[in-house]
Structure formats: C-alpha cells, structure tokens
Amino acid sequence: MRAKITYLVTAAVLVFYFVLVGSRGVMLIQSGTLLTVTFGVAVLILPVIGVWFLWKNTQFVRRANQLAAELEAEGGLPVDELRRTPDGRIDRDSADEVFARRKAETEAAPDDWRSWFRLAVAYHDARDTPRARKTMQRAIALHDGRHMPA
C-alpha cells in the first residue's frame with residue numbers, strides 16, 4: 001500500500017510540474033517573438049515527453065498488478081523463501097539460489113507468462129531492476145498473446 005501511495009503522490013507532483021511548465025511554454029509562445037516562440041515550443045515538448053513516460057509507466061504497473069492478481073487467484077505467486085539479514089535486507093546468496101531455480105523454470109517453459117512473472121520477481125529480489133522490468137514486459141506480452149524477441 002505504501003508503494004501505491006508513493007506512486008500516486010509522485011504522479012500528482014509530476015502532473016503539477018507538467019501543468020506549470022506547460023503554462024510557461026504557452027506564455028512564451030504568446031509573447032510572439034521568434035526566439036520566445038521557439039523556446040516556448042521547446043518547453044512544451046518536455047511535459048509531452050513526461051506525460052507519455054508517466055502514462056507508459058502507469059500502464060506497466062497496472063498490467064503487472066493484474067498479472068499478480070491473476071497468478072494469486074491461481075495460487076501461483078512465488079512464495080517468499082528468501083533469507084534476510086538482521087536488518088531485513090534480502091540475503092544475496094539466497095536471492096541467487098532462488099533466481100537459479102526461477103531461471104531454470106523459465107527455460108523449461110519459455111512460452112509460459114507465469115514463469116516469466118516469477119523470474120521478474122527473482123530479478124527484482126536480486127536487485128537487478130532493469131532486467132526485472134524487461135522480464136515483466138515479456139510476461140505481460142506473453143499473457144496478451146504477443147511474443148517479444150529474445
């Protein structure tokens with residue numbers, strides 16, 4: 001729940017920023033000189049890119065949560081079997097062991113979105129966020145009947 005609240009607060013702050021920057025871009029364009037119009041258009045590009053990025057990330061999170069809910073309903077969510085350090089962090093060797101099992105599971109069933117979902121969780125637990133995200137994207141694509149190149 002804390003992650004959802006943090007995401008919503010961050011998204012709201014970004015939207016406020018996009019509106020603020022966009023209004024400054026419009027004011028520059030309304031000034032009417034070649035220089036201010038050029039800067040105004042350039043300033044307006046930033047919020048457009050930001051809104052697109054926020055939208056894509058929100059869609060990704062929504063789809064990943066839908067897959068998690070579906071997997072939970074099937075009883076297939078990965079069980080947290082990771083050892084923790086005294087301060088609560090995941091033990092690296094434990095994460096590596098679980099990752100090796102998840103990778104073997106995915107190699108045995110490369111067209112199963114469920115195994116890719118569990119592998120994405122293992123990547124996340126191993127603190128490899130870029131690979132976790134890419135693997136989750138593959139799980140989403142397979143779930144939707146699309147195949148992604150390797």
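This is a predicted model: local features need pLDDT of at least 70, side-chain atom pairs count only at pLDDT 80 or more; totals for chains, interfaces and linings use all residues.
At what angle do α3 and α4 pack, and how far apart are their axes? Residues are numbered from 1 along each chain as its sequence is written, and side-chain values use heavy atoms, with hydrogens and water left out.

**View 1. Helices α3 and α4 pack at an angle of about 160°, with their axes 9 Å apart.** Axes are lines fitted to C-alpha atoms, for helices over the stretch in contact, and angles run from 0 to 180 degrees between N-to-C directions. The angle therefore makes α3 roughly antiparallel to α4 (over 145 degrees; under 35 is roughly parallel, 65 to 115 roughly perpendicular and the rest oblique). The contact (heavy atoms within 4.5 Å) is made by A95, F99, R102, K103, E105 and T106 of α3, together with S115, W116, R118, L119, A122, Y123 and D125 of α4.

**View 2. Helix α4, residues 113-125, is mostly covered, with ten of its 13 residues buried.** Helices are DSSP runs of H or I with at least four residues, numbered from the N terminus, and buried means under 20% relative accessible area with a 1.4 Å probe, protein chains only. Among the buried residues of α4 are W113, W116, F117 and L119, and what covers the buried residues includes α2, α3 and α5.

**View 3. Helix α2 (residues 34-74) packs against helix α5 (residues 129-143) at an angle of about 65°, with the axes 10 Å apart.** This angle makes α2 roughly perpendicular to α5. On the α2 side the contact is made by N57, F60, R63, A64, L67 and E70, and on the α5 side by R133, M136, Q137, A139, I140 and H143.

**View 4. Helix α1, residues 2-31, has 30 residues and reaches 44 Å from its first C-alpha to its last.** That reach is close to the 44 Å expected at 1.5 Å a residue, where the expected span is 1.5 Å times one less than the number of residues. In α1, the residues A11, F18, V21, G22 and G25 are buried, and what covers the buried residues of α1 includes α2. Helix α1 is followed by G32, whose phi is positive, near 90°.

Definitions and conventions
Helices (H or I, at least four residues) and strands (E, at least two) are DSSP runs, numbered from the N terminus. Buried means under 20% relative accessible area, exposed over 50%, partly exposed in between (1.4 Å probe, protein chains only).
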